[in-house]
Amino acid sequence: MRILSGVKATGRPHLGNYFGAIRQFIDLQSKGEGFYFVADLHALDLVREADQMREYALGVALDYMALGLDPEHCTLFMQSEVPEVSELMWILGTVTPMGQLQRAHGYKDARAKGKEVDFGLFAYPVLMAADILLYRSDVVPVGKDQLQHLELARDLAVKFNLTYCPDFDPQTGEGGALKLPEAYIMEDVAVVPGTDGRKMSKSYDNAIPLFASDKQVKKSIMRVVTDSTPVEDPKDPGSCNVYALLELFCSEEELAEIAERYRAGGTGYGDFKKQLLAKYHETFDAARARRAELEQDLGYVRTVLDRGAARAREVGRQVLDDVQRACGLR
Ligand code: ADP
Ligand code: TRP
């Protein structure tokens, strides 16, 4: 079974990215052959500064490795280092109905906000379909927000196969040049709240970063918004952002004990934040140390990515050959 997923290189990862996505890639890597890539081509649409682009892209590779994707067991690579993906994107574009792209969330949201939309954003889902189809992926772990893109990938595979592959059977999915992927909707981690209580996101300046200095981490955790219930009064864990974040880290028993202290009164939010900070360090300090080591050994990281791109190209080349033959480009 081939498992494939990617992370867009648009900034530094935060708790939401970890609990919502990366942790689940890591858990899945033992279930099949993992292909995990850094979506640098997708990031180009947002990052317009070359040095920053390089930093973010390498950063995602370091994050993957530090958090536990094991290059001995899975293939790690940069999207742009497999040029076959761009060609497949073009070919898929020729069977993509405009209407379907006009209904894509990213494009619709950008339009609704009155942003100037470029072709890159419009075609984003086609490139994502190419990512998925180029490697004959069986399973694609994504957050709910990406489900629409996955459905497009399936639709385009069916459309291409129906158009060009006489042996294709849409009932079984067999006999086509392109394999139909399955979505693996990642376990529904409740949306991770940011320091202001809205969804944690790079775009809202409310993120708790995974890899930042102790000082920055502490600052962001201390910034989590709480109400003004006095220390001695009982507090409601259910409506508290600090508690919602503690839920990500703590066992059932620990949570029961914390909830009890909320309801009993006598403990201030500052103490719960300190507990959150301790949990953060307990969970991430090993990965943070590993990332710092990897940063000192970029030659090794480069070797991993080179090896990954070679392996990905080996698979991708065969699929692209099949596709080219099917549509008469070979
Ligand atoms: P951001 O909103 O910070 O730009 P991305 O859109 O790059 O994050 O998110 C990448 C993946 O991380 C998403 O597909 C989603 O699964 C996960 N993710 C991001 N933010 C959160 C969050 N606050 N809670 C849960 N999952 C999240
Ligand atoms: N669009 C995904 C995101 O924003 C990233 C991505 C690009 C991806 N290509 C992919 C995810 C292929 C899974 C498969 O999170």
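Asp145 reaches ligand 1 through its side chain: one of that side chain's N or O atoms is 3.3 Å from an oxygen atom of the ligand. This is a predicted model, so every distance here is computed from predicted coordinates.

| Residue | Part of the residue | Ligand 1 atom | Distance |
|---|---|---|---|
| Asp145 | side-chain N or O | oxygen | 3.3 Å |
| Met200 | backbone N or O | nitrogen | 3.0 Å |
| Lys202 | polar backbone atom | oxygen | 2.7 Å |

Ligand 1 has 13 residues around it, and the nearest are His14, Val192, Met200, Ser201 and Lys202.

Two of those names turn up again around Leu245. Leu245 belongs to helix α10 and touches Val192 and Met200, along with Leu15, Pro193, Ile208, Val224 and Leu276, once residues up to four places away in sequence are set aside. Is Leu245 buried or exposed? Its relative accessible area is 0%, and under 20% counts as buried, so Leu245 is buried. Thr10 sits 235 residues from Leu245 along the chain, with 23 Å between their C-alpha atoms.

Now for the aromatics. The whole structure holds 17 aromatic pairs. Take Phe19 and Phe249: the ring centres are 5.3 Å apart and the planes stand at 85°, so this pair is edge-to-face. It bridges distant parts of the chain, with Phe19 in helix α1 (residues 15-28) and Phe249 in helix α10 (residues 241-249), 230 residues apart. Both partners are buried, Phe19 with a relative accessible area of 3% and Phe249 with 12%.

Phe25 and Tyr64 make another pair, this one tilted, at 6.4 Å centre to centre and 55° between the planes. Here too distant parts of the chain are linked: Phe25 is in helix α1 and Tyr64 in helix α3 (residues 50-67), 39 residues apart. Phe25 is buried at 2% relative accessibility, and Tyr64 is buried with a relative accessible area of 2%.

The charged end of Arg291 sits over the ring of Phe211, 5.0 Å from its centre, while Arg2 lies over the face of Phe35 at 4.7 Å from the ring centre.

Which of its residues are buried? They are Glu84, Val85, Leu88, Met89, Ile91 and Leu92. Around the axis they cover an arc of only 165°, which puts them on the same side of α4. What do the buried residues of α4 pack against? The partners are four helices by name: α2 (40-43), α7 (119-134), α8 (147-164) and α13 (298-327).

At 34% relative accessibility, Ser80 counts as partly exposed. Leaving out residues up to four places away in sequence, Ser80 touches Asp40 and Leu41. Glu182 is 102 residues from Ser80 along the chain, and their C-alpha atoms are separated by 24 Å.

Conventions:
Residues numbered from 1 in each chain as written. Chains lettered and ligands numbered in written order. Predicted model: local features only at pLDDT ≥ 70, side-chain atom pairs only at ≥ 80, totals over all residues. Heavy atoms only, no water. Phe/Tyr/Trp six-rings, centres within 6.5 Å; stacked < 30°, edge-to-face > 60°. Helix = DSSP H or I, 4+ residues; strand = E, 2+ residues; numbered from the N terminus. Buried < 20%, exposed > 50% of the residue type's maximum accessible area, 1.4 Å probe, protein only. Lys NZ or Arg CZ within 6 Å of the ring centre and 35° of its normal. Arc of directions from axis to C-beta. Contact = heavy atoms within 4.5 Å. Near = heavy atom within 4 Å. Polar contact = N/O pair within 3.5 Å; in protein donor to acceptor, adjacent residues only side chain to side chain.
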